[in-house]
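Here's a quick briefing to read with the model open beside you. Take a look at the structure first, then work through the points below.

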Amino acid sequence: MSTRGSGGKDKQQRAVLHTLLEDHGRTYAEEAGIKLRDTPQPLYRLLVLAHLLSARIRASVAVAAARELSDAGMRSPEAMRKASWQERVDALGRGGYRRYDERTATQLGDGAELLTERYGGDLRRMRKQAGGDVDLLRRLLREVPGIGPAGADIFLREVQAVWPEAGPLLDEKALQGARRLGVADDPGTLLKLADDADAAHLAAGLVRAALDKELAGSVKEHAAA
C-alpha cells in the first residue's frame with residue numbers, strides 16, 4: 001500500500017513539474033532576448049541580467065532594464081565602460097529600474113572596467129581561471145562590483161546551460177519554489193521527477209514559483225485538472 005501511495009505522490013509531483021516547465025520554464029536569459037552561447041557578448045549580457053535580477057525589484061522590471069541596456073548598445077564590457085553614467089541611468093529608467101538606477105549605473109561601469117582589465121572583457125577567461133571549481137568561480141563572480149551572493153547564484157543557475165560544470169544547479173531560491181509547489185525540495189529528486197529536464201529551465205520555473213504565490217497556485221491547479 002505504501003508503494004502505491006508513493007507512486008501516486010510521485011505522479012502528482014511529476015504533473016506539477018511538467019506543468020511548471022511547460023508554462024513557466026523559460027529561462028530569464030530567454031525572456032531578456034539573450035541567445036545564450038559560450039561567447040563573450042551573451043555571457044556578459046547574462047551577467048548584467050543577473051546583476052539586475054539580484055536587487056529587490058520585480059523580475060519583469062529587471063528583464064526590461066536588461067533589454068533597454070542591450071538596445072542602447074551596452075552589450076559588452078567595453079561598450080558599457082564607454083557609455084556615460086547618464087546613458088546607463090537613462091536606459092535603466094526606460095526599463096522602469098528607477099529605485100536603484102544611479103547606484104546600479106555606477107556599478108555597471110565599475111564592473112565593466114574590472115572585466116575589461118582583468119579578463120579582456122571575456123568571461124570565458126574567468127571560467128578558465130576557475131578551472132572547473134564552481135566555488136572559485138562563484139568567488140570570482142562576486143569580485144565584480146554589484147554581483148553579490150544572489151547575483152552569482154543567478155548567473156550560475158542560468159549559465160549551466162552552456163557551462164556544464166556549473167550544474168546541475170537548483171539553488172536555494174529554486175528550492176523555495178519547490179516547497180511552495182508542494183514537491184520534493186531535493187535537487188536530485190526534483191531533476192528525476194522532472195524526467196531529467198534541463199536544469200536551467202527547471203530552475204527558472206521554480207524561481208518564478210518562489211517569487212509568485214499566485215503562479216504557484218495556478219500551476220498546482222492545472223496539474224491537478
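Is R127 buried, partly exposed or exposed? R127 counts as partly exposed, at 21% relative accessibility; the cut-offs are under 20% for buried, over 50% for exposed, and partly exposed in between, with a 1.4 Å probe and protein chains only. Keep in mind that this is a predicted model, where local features need pLDDT of at least 70 and side-chain atom pairs count only at pLDDT 80 or more, while totals for chains, interfaces and linings use all residues. Residues are numbered from 1 along each chain as its sequence is written, and side-chain values use heavy atoms, with hydrogens and water left out.

**Overall build**
- The protein has 14 helices and zero strands (DSSP runs numbered from the N terminus: H or I of at least four residues for helices, E of at least two for strands).
- Its radius of gyration is 18 Å, close to the 17 Å that the globule rule gives for 225 residues, so the protein is as compact as a globular protein of that length (the radius is taken over C-alpha atoms, and the rule is 2.2 Å times the number of residues to the power 0.38).
- Along the principal axes, the C-alpha atoms fill a box of roughly 65 × 40 × 25 Å.
- Of the 225 residues, 47% are buried.

**Salt bridges**
- The whole structure holds 14 salt bridges (a side-chain nitrogen of Lys or Arg within 4 Å of a carboxyl oxygen of Asp or Glu).
- One of them pairs E165 with R127, with the closest N and O atoms 2.7 Å apart.
- That pair links distant parts of the chain, 38 residues apart: E165 sits in the loop between α10 and α11, and R127 in helix α8.
- R138 and D153 also meet in a salt bridge, at 3.1 Å from N to O.
- Here R138 belongs to helix α9 and D153 to helix α10, 15 residues apart.
- Through shared partners, salt bridges join D38, R127 and E165 into one network.
- E78 and K82 pair up too, at 3.4 Å, and both lie in helix α5, four residues apart, or about one turn.
- Within this pair, E78 is partly exposed at 29%, whereas K82 is exposed at 63%.

**A positive patch**
- R56, R99, K173, R180, K213 and K220 form a positive surface patch (residues with over 30% relative accessible area and no salt bridge, like charges joined within 9 Å).
- Helices α11 and α14 each supply at least two of the patch residues.
- R56 lies in the loop between α3 and α4 and is exposed, at 74% relative accessibility.

Technical notes: Patch = residues over 30% accessible without salt bridge, like charges linked within 9 Å, V, L, I, M, F, W, Y side chains within 5 Å. Areas by Shrake-Rupley, 256 points an atom, 1.4 Å probe, with all protein chains shown as cover. Lys, Arg positive; Asp, Glu negative; His and termini not counted. Charge placed at Lys NZ, Arg CZ, Asp CG, Glu CD.
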